[in-house]
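Student: Hi! Could you walk me through this one? I'd like to start with the backbone and then look at the packing.

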Amino acid sequence: MTPMTAESESPDGPVSAGTGRQVRLSLTRRPARPARHLADLSRDERREVAVSLGQPAFRADQVSRHYFVRLVDADETDAMTDLPEDARGPLLEALLPRLLVPARTLSCDDGLTRKTAWRTADGALLESVIMRYPDRATVCVSSQAGCGMGCPFCATGQGGLTRNLSTAEIVEQVVHAARVLRRQELAGGAGRLSNVVFMGMGEPLANYTAVTAAVRRLISPPPEGLGLSARGLTVSTVGLVPAMRRLAGEGLPVTLAVSLHAPDDELRDELVPVNTRWPVAEVLAAAWEYAEVTGRRVSIEYALIDGVNDDVARADALATLLTGRLAHVNLIPLNPTEGSSWQASAPAGQRAFVRRLRERGIATTVRDTRGREIAAACGQLAAEPAGRAGRAGRAESARPVESAEPVTSAEPVTSGVPVTSGKPVSSGESVESGKPVEAAGAVSGSPVHGSRVLR
Ligand code: SF4
């Protein structure tokens with residue numbers, strides 16, 4: 001085993017990760033507005049920018065094609081030979097500023113999963129995770145730096161909200177993933193990005209405008225956008241009912257994933273604090289409206305927590321809520337987070353829960369635990385290079401693969417914080433049969449929460 005070293009920092013300097021306590025990297029610095037980027041703008045707006053620089057409008061399309069079609073990185077100006085040399089600098093400065101700098105990259109699952117911690121220009125931290133499967137490739141992206149929803153099982157929620165991400169900061173995570181796959185930087189040979197799940201850090205619908213704009217940018221054909229299929233996109237929510245209803249009216253055929261985690265308000269109030277504002281019945285009513293309007297099956301996300309929400313009575317209650325609905329249950333054995341005494345359900349408990357749902361006719365899958373060794377799994381993303389990596393001392397396969405632009409203010413620490421909670425379940429195995437099952441997102445075509453969070 002190769003223990004990983006890790007970096008952690010705060011605006012005031014390094015933060016020890018060896019205390020066994022959550023190391024929070026939400027920065028106290030006042031958020032700055034991210035630089036304008038072409039992904040923030042419509043095609044017409046980009047063309048106006050080009051004209052304002054004394055260039056023909058089509059120059060904006062050229063830059064857009066470099067970004068969305070050729071997947072050129074902002075630094076690779078030499079590749080943009082169709083842009084006149086004297087115009088290149090001003091155009092790229094105006095349309096293609098570097099928004100995210102990789103602070104740390106880790107891989108696991110034999111190189112099929114890669115997590116990148118990003119730093120924004122104002123120092124906020126976020127994470128994205130790329131997961132390669134035999135039939136698809138998925139990126140799990142963050143919509144906020146941190147999260148203000150406070151779900152107690154979630155590493156992101158324990159760190160609080162730093163700020164919303166801009167449209168382009170979200171899109172850039174996706175374009176980066178497409179670039180990594182095209183350049184075969186991930187194991188598994190040449191690949192194409194097929195799925196995007198908004199399940200990284202943050203509550204996507206709490207950053208509604210930027211998220212929906214990012215969705216449009218991702219599905220618009222080039223040069224407007226990346227040209228992905230909307231059916232490959234999944235937007236998750238803990239249940240912000242007004243925003244769910246608004247999303248239904250957007251005409252975006254993306255999959256909606258509702259992080260339910262409990263069928264009853266008493267328990268859900270504890271697991272998902274926003275439930276006190278919008279209880280289970282209201283959340284599901286909005287979900288069914290979404291299914292009706294879009295024709296898309298809603299994914300019900302349910303973290304199985306040992307002795308908390310995994311009893312058969314709750315499986316029954318969940319089945320009652322979902323019977324006859326256009327829904328699919330995606331069960332997630334709880335991934336460990338530091339400082340939490342909650343554990344994943346034991347395999348027998350998982351089997352019983354799955355069995356009861358299926359007996360009641362509810363389509364159910366169990367998400368695999370991709371990325372758990374590098375704290376890239378559901379509920380583990382916290383943009384905490386030190387704390388996360390230190391934990392991976394138990395992960396034989398986890399290893400740093402690159403450290404582009406190392407964080408200069410960080411000092412390496414070796415936390416070695418043991419994982420005291422969570423009983424790992426064999427990745428990609430059915431708890432019933434031991435045979436591989438399609439990773440979570442079987443329905444939505446995404447491995448879903450493969451990265452982040454229990455949502
Ligand atoms: S589970 Fe999702 S909504 Fe809840 S704290 Fe974590 S990131 Fe936020």
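Student: Where does Asp-109 lie?

Tutor: Asp-109 lies in the loop between strand S2 (100-108) and strand S3 (113-120). Bear in mind that this is a predicted model.

Student: And what's the phi of Asp-109 like?

Tutor: Its phi is positive, about 55°, although Asp-109 is not a glycine. Asp-110, which sits in the loop between S2 and S3 too, has a positive phi near 55° and is likewise a residue other than glycine.

Student: Is Asp-109 buried or exposed?

Tutor: Asp-109 counts as buried, because it has 23 C-beta neighbours inside 10 Å and the cut-off for buried is 20 or more.

Student: Then what about Asp-110, buried or exposed?

Tutor: Asp-110 counts as exposed, because it has 10 C-beta neighbours inside 10 Å.

Student: Okay, new topic. Which peptide bond is cis?

Tutor: The one from Pro-222 to Pro-223 is cis, with omega near 5°. You'll find Pro-223 in the loop between helix H6 (208-219) and strand S9 (233-237).

Student: Now the packing. How many residues are in the largest nonpolar core?

Tutor: That core has 109 residues, and Val-174, Leu-218 and Met-244 have the most contacts inside it. Helix H5 (residues 167-182) supplies the largest share, 9 residues.

Student: Where does this core lie relative to the domains?

Tutor: It lies between domain 1 (38-95) and domain 2 (99-413), because both give residues to it. As a general point, nonpolar side chains tend to be buried together in soluble globular proteins.

Student: Which residues does Val-174 touch?

Tutor: Leaving out residues up to four places away in sequence, Val-174 touches Val-139, Val-141, Val-196, Leu-218 and Leu-226.

Student: Last one, helices. At what angle do the axes of H7 and H9 cross?

Tutor: The axes of helix H7 (residues 241-248) and helix H9 (residues 280-294) cross at roughly 5° and come within 9 Å. That makes H7 roughly parallel to H9, because angles under 35 degrees count as roughly parallel.

Student: Which residues meet there?

Tutor: From H7 there are Val-241, Met-244, Arg-245, Leu-247 and Ala-248. In H9 they meet Glu-282, Val-283, Ala-286, Ala-287, Glu-289, Tyr-290, Val-293 and Thr-294.

Student: How many of the residues in that contact are nonpolar, polar and charged?

Tutor: The contact of H7 with H9 has 9 nonpolar, 1 polar and 3 charged residues. Met-244 ties the two topics together: Met-244 is part of this contact and is one of the residues with the most contacts inside the largest nonpolar core.

How values were computed
Residues are numbered from 1 along each chain as its sequence is written. This is a predicted model: local features need pLDDT of at least 70, side-chain atom pairs count only at pLDDT 80 or more; totals for chains, interfaces and linings use all residues. Axes are lines fitted to C-alpha atoms, for helices over the stretch in contact, and angles run from 0 to 180 degrees between N-to-C directions. Helices (H or I, at least four residues) and strands (E, at least two) are DSSP runs, numbered from the N terminus. Angles under 35 degrees count as roughly parallel, over 145 as roughly antiparallel, 65 to 115 as roughly perpendicular and the rest as oblique. Two residues are in contact if their C-beta atoms, placed from the backbone, lie within 7 Å. Ala, Val, Leu, Ile, Met, Phe, Trp, Tyr, Cys and Pro count as nonpolar, Asp, Glu, Lys and Arg as charged, and the others, Gly among them, as polar. A residue is buried if 20 or more other C-beta atoms lie within 10 Å of its own, exposed if 12 or fewer, and partly exposed in between; C-beta atoms are placed from the backbone. A nonpolar core is a set of buried Ala, Val, Leu, Ile, Met, Phe, Trp, Tyr and Cys residues joined through C-beta atoms within 7 Å. Domain bounds come from an automatic or database domain assignment.
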